[in-house]
Amino acid sequence: MKTQMLKTFLLVMLALVVCLPAQARKKPTYQITLKINHGQDTMMFMGCYYAKGNKVLDTAYRDKKGTFTFTGNGDTLTNGLYFFANERGNYVEFVVYKEKPFFDFETEHKDWTTNMHVKGSKQNQFFFDFHRQEGKITTEMARQRNLMDSAAFATFEREQYNRLDSLKAATVNAHPELFLSKMMSATREISVPVVDANGEKLSEYQRRDYYMEHYFDNLPLNDNSLIHTPRAVFYDRVMNYFDNVLKYAPPSTIVHYMDPFLDKCKPSPEIFQYMVMTLTQKYLQSKVMVYDSVYVHLVNKYYASDDNFWSSPSSIQSEVARATKWERLLVGHEAPELILYDTLRIPHSLHAMPYKWKLLVFWSPNCGHCKHIIPEVYRIFDQYSKQYFIGAFTILSDPDDKTRKEWREFLKSYSMNSPAWICLDGGEANCDWHDVYDIQSTPQIYLIDENNIIQAKRLGESNIESVIKAICGQ
């Protein structure tokens, strides 16, 4: 019996001895080495790019052979551009793209890029070969800058830039499968035709329309790796479209071009999520009064749909609730009715105000910005109220005893006594106007017409006079 128990015990121990080394020898998810000959660094970082920033992913210390080894146990490296960097800010980039990330890099400390040798990665062999050729051209330009007169150097410089363009084009055409080629293509402007398919000359409007339609032709938006590049490759290129190309475009035009762009992003979940979130925040925070309709469109079409795979139910509900409020307050929509009392307890209706134009003003003497801007708003109102037949429906947004006293003193000190400037206590109303008008901060100023249609919003000291003259004076 004892002999049998001993045999069983030995078998169990043998199994453990065999099993433990097998677990220890489990292959890592990535292993990348960097050897810098004659280098003095003892610590090296490995990082990656993401949209407009970058982050450090791993840290390694130099071993006795002068090698830094970055090993992942469970963490995977997504496709994209990565970098090694030391504590002094020196860095060199490398590629992870459709290859198992088991690479060996070796270089000299004086010039990491030029002297880099690669094992285990054809993508990186091409990457560093290209940069060596590029480096020769840029080095020669720098050398000749002080040897030639300005006219001769200008000609030489143009020739060298043409060489660089040819080098890039040759690489892209010969090796479109390279991540390097995809990055270079992404930053290349599209060519806008001068004539159409029938040889007819295109107008400036037609050429601009072509540019708008084809702006993203060179960006592989269906490849998630594009977002893991320096900001000039992806982020700046995309945001230039919405910040500059579509600058001051009507909301309908923005939506017309934005939806096809986001459709192109859908095959890349990471890019699609990032762009929906980025554009939503952009138009949520926009100071252009009519762009809130773009925000509402984004929420209704992308957040409140099956396309939204990244948000929790509660965050979706919160975003949709805000968009629903904003949709009621869009320019061109009817302003929600408000009924409040003045200082004499006389009720006043926003909709029943007998004026051709109405200013709806939410403010408080407790608000520092209000103290500055409201006297100027009153001055402008007083100047144009009779000319354009404007009335003002102004609401105290912090109605408590202390603020009410300050409110009355403020009105008196600035002589805000025009009968068309109606001062209303926000403490009692027909609705929760904080919620209905989404008053998160003050002052908030609307311009409403006689049919109670919102004509302008988010007015302030810098634009209220010009808006009144442009809209009320037409």
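Axes here are lines fitted to C-alpha atoms, for helices over the stretch in contact, and angles run from 0 to 180 degrees between N-to-C directions. Helices (H or I, at least four residues) and strands (E, at least two) are DSSP runs, numbered from the N terminus. This is a predicted model, in which local features need pLDDT of at least 70 and side-chain atom pairs count only at pLDDT 80 or more, whereas totals for chains, interfaces and linings use all residues. Residues are numbered from 1 along each chain as its sequence is written, and side-chain values use heavy atoms, with hydrogens and water left out.

**Helix packing**

- The axes of helix α7 (residues 251-265) and helix α9 (residues 292-303) come within 10 Å and cross at roughly 35°.
- In contact (heavy atoms within 4.5 Å), α7 contributes Pro251, Ile254, Val255, Met258, Asp259 and Leu262, which meet Ser293, Val294, His297, Leu298, Lys301 and Tyr302 of α9.
- By class, this contact of α7 with α9 has eight nonpolar, two polar and two charged residues, where Ala, Val, Leu, Ile, Met, Phe, Trp, Tyr, Cys and Pro count as nonpolar, Asp, Glu, Lys and Arg as charged, and the others, Gly among them, as polar.

**The seven-stranded sheet**

- Seven strands form an open sheet with mixed pairing in the order β10-β9-β13-β12-β11-β14-β15, two strands being paired if DSSP finds at least two bridges between them.
- At the edges stand β10 (347-349) and β15 (454-456), each with a single partner strand, so one side of each is left without a neighbour in the sheet.
- From one strand to the next, the twist of this sheet averages 40°.
- Strand β9 (residues 339-342) runs antiparallel to β10 and is joined to it by three bridges, with Tyr341 standing opposite Pro347 in β10.
- Helix α11 packs on the sheet, where it touches β11 (357-363), β12 (390-396), β13 (421-429) and β14, and its direction makes about 155° with that of β12.
- Helix α14 (residues 464-472) also packs on the sheet, touching β11, β12, β14 and β15, and its direction makes about 10° with that of β14.

**The four-stranded sheet**

- An open sheet of four strands, again with mixed pairing, has the order β4-β1-β7-β8, and its edge strands β4 (67-72) and β8 (117-119) each pair on one side only.
- Three bridges join strand β7 (residues 102-108) to β8 in an antiparallel arrangement, and Asp104 stands opposite Lys119 in β8.

**Pockets**

- On a 1 Å grid over the protein atoms alone, a pocket is an open set of points where a 1.4 Å probe fits, with protein on both sides within 12 Å along at least five of seven lines, and lining residues have an atom within 4 Å of a point.
- The largest pocket holds about 420 Å³ of space, a volume being the space filled by probe spheres set on the points, which are joined across faces, edges and corners.
- Of the 19 residues lining the largest pocket, Lys168, Leu180, Met183, Met184 and Thr187 are the closest to its centre, and α2 (122-145), α3 (150-174) and α4 (179-186) each supply at least two residues of the lining.
- The lining of the largest pocket divides into eleven nonpolar, three polar and five charged residues.
- The second largest pocket has a volume of about 350 Å³ and is lined by 18 residues, of which Lys287, Pro443, Gln444, Arg458 and Leu459 lie nearest its centre.
- For the second largest pocket, α11 (368-388) and β14 (444-449) each supply at least two lining residues, and the lining has six nonpolar, nine polar and three charged residues.
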